[in-house]
Amino acid sequence: MLSANNEDKFSSAGITEYFKSVCSRAGLKTTRQRLRIYLELLKAGDHPTAEILHSRLRPEMPKLSLDTVYRALATFEREGMIRRVSTFKSQARYDADMKPHHHFVCKTCGAVIDFDWPSFDMKALPEEVSGLGSVSDRTVTASGVCRRCLVKKD
């Protein structure tokens, strides 16, 4: 899996080939719109909403509809290329960094900040959780007030 952190390790052609192979496996056409949406999300560090992605891409793709962005994101999520980030609000945020990591969501400004927690990632799940079924992903979303907002308050 490619991730935002791995982008520098792959050429633009390598990312495009990865994208084409995922689309092919899923029986999807590799469209310019899908590719640009994915590349924009891959380089984004702010976990954008569909609306933010749409506004960033409109200058170069004036005919791009918001519905197309939503449908592409749903497809990417279904195919395991991206993940939806829980923010405790109604608007979904998206992340193309598929390596194990967690998120801190600021309740004041809405920023979504990645953090690593290796000891959590390696810990065995409690028996009652593993007895519920097959676990495919385990992430933590913490919420509070980010450092930048705390400094603004003071």
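This is a predicted model: local features need pLDDT of at least 70, side-chain atom pairs count only at pLDDT 80 or more; totals for chains, interfaces and linings use all residues.
**Entry 1: the core**

I started with the largest nonpolar core: of its 24 residues, Ile 37, Tyr 38, Leu 73, Phe 76, Met 81 and Ile 82 touch the most other members. By nonpolar core I mean a set of buried Ala, Val, Leu, Ile, Met, Phe, Trp, Tyr and Cys residues joined through side-chain atoms within 4.5 Å. Buried stands for under 20% relative accessible area, exposed for over 50%, and partly exposed for what falls in between, with a 1.4 Å probe and protein chains only. The elements giving two or more residues to this core are H1, H2, H3 and H4. H2 gives the most, with 6 residues.

Residues are numbered from 1 along each chain as its sequence is written, and side-chain values use heavy atoms, with hydrogens and water left out.

Next I looked up the partners of Ile 37. Leaving out residues up to four places away in sequence, Ile 37 touches Leu 57, Leu 64, Thr 68, Val 69, Ala 72, Leu 73 and Phe 76. Contact here means heavy atoms within 4.5 Å.

**Entry 2: the whole chain**

I counted 7 helices and 5 strands in the protein. Both are DSSP runs numbered from the N terminus: helices are H or I with at least four residues, strands are E with at least two. From the N terminus on, the order reads α-α-α-α-β-β-β-β-α-α-β-α. The C-alpha atoms fill a box of roughly 45 × 40 × 30 Å along the principal axes. Of the 154 residues, 34% are buried. Among contacts between residues at least 6 apart in sequence, 49% join residues at least 24 apart.

**Entry 3: helix H4**

I checked the length of H4 (residues 66-78) against expectation. At 1.5 Å a residue its 13 residues should span 18 Å, and the end C-alpha atoms are 18 Å apart, which agrees. The expected span is 1.5 Å times one less than the number of residues.

Which residues of H4 are buried? They are Thr 68, Val 69, Ala 72, Leu 73, Thr 75 and Phe 76. They cover an arc of only 160° around the axis, so they sit on the same side of H4. The arc is that of the directions from the helix axis to the C-beta atoms. Their cover includes H1 (12-26), H2 (32-43), H3 (50-57) and strand E2 (93-95). Just after H4, Gly 80 takes a positive phi of about 75°.

H1 has 15 residues and reaches 21 Å from first C-alpha to last, close to the 21 Å expected. Its buried residues are Ile 15, Thr 16, Tyr 18, Phe 19, Val 22 and Cys 23. An arc of only 160° around the axis holds them, which puts them on the same side of H1. I found the exposed residues Ala 13, Ser 24 and Arg 25 on the face turned away from that buried side. H2 and H4 are among what covers the buried residues of H1.

In H3, I noted Ala 50, Leu 53, His 54 and Leu 57 as buried. Seen down the axis they fall within an arc of 100°, so they line one face of the helix. Their cover includes H2, H4 and E2.

**Entry 4: the loop between H2 and H3**

Is His 47 buried or exposed? His 47 lies in this loop and is buried, with a relative accessible area of 4%. Its phi is near 55°, a positive value in a residue other than glycine. Gly 45 lies in the loop too, but is exposed, with a relative accessible area of 66%.

**Entry 5: the sheet**

I then traced an open sheet of 3 strands in the order E4-E3-E5, with mixed pairing. Strands pair if DSSP finds at least two bridges between them. E4 (112-115) and E5 (141-144) are the edge strands, each pairing on one side only. E3 (residues 102-106) and E5 pair in the parallel sense over 4 bridges, and His 103 stands opposite Thr 141 in E5. E3 and E4 run antiparallel, joined by 4 bridges, with Val 105 opposite Val 112 in E4. These two form a hairpin with 5 residues between them, and Gly 110 in the turn has a positive phi of about 85°.
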